Amino acid sequence: MSGRAFLFGDDVDTDQLAPGAFMSGGIEALAAHCLEGLRPDFAEQVKAGDVLVAGWNFGMGSSREQAAEALKHLGLAGVVALSFAGIFYRNAINLGLPVLVADDLADVADGDAVELDVEAGLLRLTQKDKTLSLEPLPDNLKQLLADGGLVPHLKKRFAAARREGTAS
Amino acid sequence: MMADSLAQKIIARAAGRSSVMPGEVVTAAVDLAMIHDSGGPRRVEPILRDLGVGLFDPSKVVLISDHFVPGDTPESADILEFTRNWAGQHRVTFHDGQGICHVVLPERGHLRPGMFVVGGDSHSPTGGAFGTYMFGIGATEMAGVLATGEIWLKVPQTILIEWRNRLSEGVTAKDMMLALCARIGMGGGRYQAIEFAGSTISSLSMQERMTLSNMAAELGAQAGLIAPDETTVAYLRKAGADVDAWQDLKTDIGAPLLDHLLFDGAALEPQVAAPHSPANATAIGDAPQTSIDVAYIGACTGAKYEDLKGAAGILRGRGVAAGVELLIAPASKRDQERAADEGIMKVFEDAGARILANACGICAGYGADRLGAGVTCISSTARNFKGRMGAPSSRVWLGSPLTVAASAVAGRIADPRNFLTLEISAI
């Protein structure tokens, strides 16, 4: 799926992604305020297939998974960053939002036409005729993501265990 | 004999292995799962229903309400109601309205050295102060833990942060952590295990050590460990925890380290962090003259009993400056009761402070109390991200509880050491 790149800097925190004032409500209301402190029109502008491209330590701060859930709700194909904060990274994978690390993102400009190929680990800059290689995910996380996140993954695992139980 | 880090020892035991190596991915059984009212019942219940399973072991689950306490909006009240009903249905240990989870958990004897614990909150590394490997996870992952009793993790490398010599008067654990945020940055912990060690740490009380481990989260570490010693054991026994065989819970000499940083505690000055990052910390003498509207003493980071005691030392016999509002949210009910017994709450009252609920309060920014547009605040909390505590145009400085108290009196960001000197000369 192709879309546009939305460029952010370093240390984007979870209070920007999922502002506390909207944490008591549902994801729809929360997502409408996602990143508004840094870019007021973000939630309005972002479309399915777009890719958030950021610097170091993306998603630092709180364990609130609504930070990742909001991005998924808005239809982003994934986040590509120089690095991620640990809890955000786990949350994103668990919710089925692709998060991929790049060595160098200097070639990406805000608004660039991009295509994120999670399977191949590539970010294609389609108008610039450039392709960035992303760090491959570890096998356990690749499986989680392929299953669509932790809940479908566990369902699969429990179903397999039940089948085994019935068979024996 | 292999030389292992404290993190490796705890994780190996939880993973049912004789040893583990940094970098390998293992699955470990959790000894305890802590959840709160925000990421807890309301988020995990739909997932558990979807999975069609119950809790792996209700006796290993502790629920604490703190984020939406005191329930001062209709939505908050509904969430608390749901939380209470869930606690009853699932028969888990529930501490309702008793204070912030990271303070209540050890206070009620739930932690012991060597335990492997997950918490549904990013400040879960606080448990590391007790020699517990504790880290924060999100709600879906927590639902997975509650369903299976286990979690995967990559065995972390250890970053040893050693502090030598005693802190000077007026300097606290909070100042140590702000200085570290400035030095290694918000991602400097690289999601590995930080271990605090050295004579400065040995000289600190448990609640001060908790502040160090708590803010390991701000450094981006997974855990913030401190090897247990006599101080740890004394605290935990008093809290009713059954502590045995803790002596080997330490990083062996020669264990692999990712980094080893050394600091002089005696040379440290009080620190303040400018908006909007803890990494903007500088020695207070280097901060610009800044008038404040609000002084906030709150959070698991900065409103425990000892934080309150330190702040009261500055505020005794003094009043809050005209035009400044001093808000104090003691981190736990027990800490507040102890503070009341010792006359500390009376000092706050006399100074003109407003006392808030024993909860996350303005630090989480989930309730009715929030900073208004354009307000400048100095806060004893851990994070000053833009808009976290209220309006995006509010500006939050971070400091120790002592620095917040001194600033409340001065009406501008002020060095607590000047107030300590005055107090001594007044005697």
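This is a predicted model: local features need pLDDT of at least 70, side-chain atom pairs count only at pLDDT 80 or more; totals for chains, interfaces and linings use all residues.
Select E115(A) to begin, and look across to R124(A), which stands opposite E115(A) in strand 6 of chain A.

Residues are numbered from 1 along each chain as its sequence is written, and chains are lettered from A in the order in which they are written.

Next, show the whole sheet of chain A, an open one of seven strands in the order 4-3-2-1-5-6-7 with mixed pairing, where two strands pair if DSSP finds at least two bridges between them. At its edges, strand 4 (99-101) and strand 7 (130-133) of chain A each pair on one side only.

Then bring in chain B: 34 residues of chain A and 39 residues of chain B take part in the contact, counted where C-beta atoms, placed from the backbone, lie within 7 Å. On the side of chain A that touches chain B, select helix 1 (14-17), helix 5 (86-94) and helix 7 (150-167), each of which supplies at least two residues.

Finally, colour chain B by its domain assignment, domain 1 (6-264) and domain 2 (270-426), whose bounds come from an automatic or database assignment. The centres of these two domains of chain B, taken over C-alpha atoms, are 25 Å apart.

Methods: Two residues are in contact if their C-beta atoms, placed from the backbone, lie within 7 Å. Helices (H or I, at least four residues) and strands (E, at least two) are DSSP runs, numbered from the N terminus.
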